[in-house]
Amino acid sequence: NSLDNQELALQASREAIVLLKNKDQLLPIDLQKVKTISVTGPNADDAAYALTHYGPLAVDVTTVLDGIQAKAAGKAEVLYTKGCDIVDANWPDSELIPSPLTSEEEAEIALAVANAQKSDVTFVVLGGNSRTCGENKSRSSLELPGHQQKLLEAVYATGTPTVLILIHGRPNSINWADKYIPSILEAWYPGSQGGQAVADVIFGDYNPGGKLTVTVPKT
């Protein structure tokens, strides 16, 4: 966790980010032109992806929310709500037989929608974690797990410009997002400095040049 190693981790995270889509050059976001930013999604404020048993444990982790808040400090208000969990209570059965939203999940998505309606841009941070990806974590679906798709669709429906940020260890099919969401970033598991790296990209301090190493299947 030395400063030198943190700098190296930051550079590696920056170079690994892939800009999958950027319709009408929505990104980068100019902080001089926005007053309110909405952040939602189960991976927005989660640091667990950087602290697995295949990586370092005694390091400080910057989440995507941390990175965005640091960049926006003194320039724009940041509204945050989790929106939903990575998986729902009936997962993995719900991958085959979808389950309805609980009242708590409905309230969280409603808050994410309300925040988006008050914002100039919304960042939705979705994907997976150690529950959905690993050596013994087979899945029966390629879609985003749980109710993440419902969160994404609800936020997009507000009309607020929406950026999808993916943090996961295996590619998910994002056919709907590919068709409708204007900007999509693939960050994989971006490491301990991943939140700052993502913020550097979305606010124009780093030009993403990463390339996909895998094919993302449609079905």
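Contact here means heavy atoms within 4.5 Å of each other. What you have above is a predicted model, in which local features need pLDDT of at least 70, side-chain atom pairs count only at pLDDT 80 or more, and totals for chains, interfaces and linings use all residues. Residues are numbered from 1 along each chain as its sequence is written, and side-chain values use heavy atoms, with hydrogens and water left out.

Let's start with Ser-13. It sits in helix α1; helices (H or I, at least four residues) and strands (E, at least two) are DSSP runs, numbered from the N terminus. Leaving aside neighbours within four places in sequence, Ser-13 touches Pro-190, Gly-191, Gln-193, Gly-194 and Ala-197. Is Ser-13 buried or exposed? With a relative accessible area of 5%, Ser-13 is buried (buried is under 20%, exposed over 50%, partly exposed in between, using a 1.4 Å probe and protein chains only).

Two packed helices are described by the angle between their axes and the distance between the axes. Axes are lines fitted to C-alpha atoms, for helices over the stretch in contact, and the angles run from 0 to 180 degrees between N-to-C directions. Here are the two pairs.

| Helix pair | Angle | Axis distance |
|---|---|---|
| α1 (residues 3-16) and α6 (residues 194-202) | about 50° | 8 Å |
| α3 (residues 103-117) and α4 (residues 148-156) | about 30° | 9 Å |

That angle makes α1 oblique to α6, while α3 and α4 are roughly parallel to each other. The cut-offs: under 35 degrees is roughly parallel, over 145 roughly antiparallel, 65 to 115 roughly perpendicular, and the rest oblique.

α1 passes α6 in a right-handed crossing (right-handed if the near helix is turned clockwise from the far one by less than a right angle, left-handed if anticlockwise). On the α1 side, the contact uses Leu-10, Ser-13 and Arg-14, and α6 brings Gly-194, Gln-196, Ala-197 and Asp-200. By class, that comes to two nonpolar, three polar and two charged residues. Ala, Val, Leu, Ile, Met, Phe, Trp, Tyr, Cys and Pro count as nonpolar, Asp, Glu, Lys and Arg as charged, and the others, Gly among them, as polar.

The crossing of α3 and α4 is right-handed too. There, Ile-109, Ala-112, Val-113 and Ala-116 of α3 meet Lys-150, Leu-151, Ala-154 and Val-155 of α4. The class count is seven nonpolar, no polar and one charged.

Back to α6. Eight of its nine residues are buried, so α6 is largely enclosed by the rest of the structure. Among the buried ones are Gly-194, Ala-197 and Asp-200. The buried residues of α6 pack against α1, α2, β4 (121-127), β5 (162-167) and β6 (183-186). After α6 comes Gly-204, with a positive phi near 85°.

Asp-60 is another story: it lies in the loop between β2 (36-40) and α2 (64-72). At 52% relative accessibility, Asp-60 counts as exposed. Beyond its neighbours within four places in sequence, Asp-60 contacts Asn-1, Ser-192 and Gln-193. The C-alpha atoms of Asp-60 and Ile-37 are 25 Å apart, and these residues are 23 places apart along the chain.
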